[in-house]
Amino acid sequence: MKISAWEPWLERLWQGDKRAAAKLISQVENNQGRVEIMCRILPRTGQRMVLGITGPPGAGKSSLLGALTQLYREQHDKVGIVAVDPSSPYSGGAILGDRIRMQSHGTDPGVFIRSMGTRGHLGGVARFTTDVLKILEAAGYERLLLETVGVGQSELEIMECADTVLLVLNPGTGDGIQAIKAGIMEIADIFVVNKADLPGAERLKNDIEMVLDLNGKKAWRAPVVMTSTLEQRGLNELRDHIAGHQTFLTESGKCRQRRHNAFTQEVWRHWEAIARQAFAAAWQDLPRSEGDDLEPGNPYTLAEEIWASIVSGRFTDRSAP
């Protein structure tokens with residue numbers, strides 16, 4: 001559809017209409033009019049910081065997200081939540097539905113909750129996660145919260161989506177060992193030892209502190225915060241550390257650097273999608289045998305020939321009158 005078809009929905013989005021936000025998010029997720037919609041939305045974004053919450057399955061990410069949402073609502077901030085879930089192999093939709101675990105906020109007019117399926121996308125987030133966050137910012141949500149799929153050591157794409165990353169761990173599940181692995185250590189701006197009412201919480205905190213000491217001095221030393229949503233403990237302290245990190249990002253210029261890196265990755269992903277589409281079309285045009293199969297050959301040379309044909313075709317189109 002042309003962008004004019006979306007103009008009424010966009011006008012409603014600027015006014016904070018939830019239905020308009022849901023409609024436009026669905027279109028973007030389904031890649032229908034995505035580029036046109038996002039080009040209209042981009043000028044209204046870039047002012048709000050995104051808080052990312054990640055960690056292994058069962059760490060209590062959703063409960064913590066719900067508790068933080070409550071604190072922000074007490075400040076009268078509008079909260080936009082994107083919760084990424086594993087996908088159904090059949091429908092591609094989210095099958096856990098984090099909205100169920102945040103029922104207390106489901107009817108709050110100042111909270112928007114969107115569950116997204118990964119749809120096979122790796123990295124702990126969904127392919128269009130950043131687009132959805134921008135739509136929510138354009139709709140006037142002041143606090144943008146992102147919860148990833150339960151992650152291991154390689155699902156680190158949240159660094160490209162969030163300004164402040166909370167790594168949520170809990171005692172008694174081997175998290176002490178996981179926390180000292182390089183990949184997962186480097187994504188955390190704040191460590192959260194959740195379920196601190198359980199045995200072993202203090203030991204896990206000490207393990208993380210020890211590794212942070214070994215890593216030497218940095219401009220920002222990630223704090224380790226003990227929380228318990230069951231006992232409502234440590235939540236105000238966590239909120240203060242989040243605010244402190246976001247102030248640090250602004251004053252140090254790190255925010256601009258992070259967003260530049262995220263922008264570079266977003267350009268790369270969009271270019272990759274265009275290249276894949278062009279490659280698929282060129283692949284279908286290759287000469288085939290009677291059995292509708294490609295003749296075995298040199299895959300490296302073939303790949304270069306396909307790329308050369310794509311580039312050549314593009315330049316021919318540009319020079320055409």
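Helices H2 and H3 cross in a left-handed way, left-handed meaning that the near helix is turned anticlockwise from the far one by less than a right angle, and right-handed that it is turned clockwise. H2 covers residues 18-29, and its axis lies 9 Å from that of H3 at an angle of about 130°. Axes here are lines fitted to C-alpha atoms, for helices over the stretch in contact, and angles run from 0 to 180 degrees between N-to-C directions. H2 and H3 are therefore oblique to each other; angles under 35 degrees count as roughly parallel, over 145 as roughly antiparallel, 65 to 115 as roughly perpendicular, and the rest as oblique.

Before going on, a word on the source. This is a predicted model, in which local features need pLDDT of at least 70 and side-chain atom pairs count only at pLDDT 80 or more, while totals for chains, interfaces and linings use all residues. Residues are numbered from 1 along each chain as its sequence is written, and side-chain values use heavy atoms, with hydrogens and water left out.

As for the element names, helices (H or I, at least four residues) and strands (E, at least two) are DSSP runs, numbered from the N terminus.

Which residues of H2 and H3 meet? On the H2 side they are Leu 24, Gln 27 and Val 28, and on the H3 side Arg 34, Ile 37 and Met 38. Contact means heavy atoms within 4.5 Å. This contact has four nonpolar, one polar and one charged residues. For those classes, Ala, Val, Leu, Ile, Met, Phe, Trp, Tyr, Cys and Pro count as nonpolar, Asp, Glu, Lys and Arg as charged, and the others, Gly among them, as polar.

H3, residues 34-41, also packs on H6, residues 129-138: their axes come within 10 Å and cross at roughly 40°. H3 and H6 are therefore oblique to each other, and H3 passes H6 in a left-handed crossing. H3 contributes Arg 34, Met 38 and Ile 41 to the contact, and H6 contributes Asp 131, Lys 134, Ile 135 and Ala 138. By class, there are four nonpolar, no polar and three charged residues in the contact of H3 with H6.

Is H6 itself buried or exposed? Ten of its ten residues are buried, so H6 is largely enclosed by the rest of the structure. Buried means under 20% relative accessible area, exposed over 50%, and partly exposed in between, with a 1.4 Å probe and protein chains only. Among the buried residues of H6 are Asp 131, Lys 134 and Glu 137. Just after H6, Gly 140 takes a positive phi of about 100°.

Now the sheet. Seven strands form an open sheet in the order E3-E2-E4-E1-E5-E6-E7, with parallel pairing. E3 (111-117) and E7 (224-226) are the edge strands, each pairing on one side only. Neighbouring strands are turned by 20° against each other on average, direction ignored. Two strands pair if DSSP finds at least two bridges between them.

Take E6, residues 190-193, which is joined to E7 by three bridges, with Phe 191 opposite Val 224. E6 also pairs with E5, residues 164-169, over four bridges; there, Val 192 is the bridge partner of Val 168. Both faces of E6 are covered, with Ile 190 and Val 192 buried on one side and Phe 191 and Val 193 on the other.

Last, Arg 203, in helix H10, residues 201-214. Arg 203 is exposed, with a relative accessible area of 65%. Its C-alpha atom is separated by 9.9 Å from that of Gly 172, 31 residues apart along the chain.
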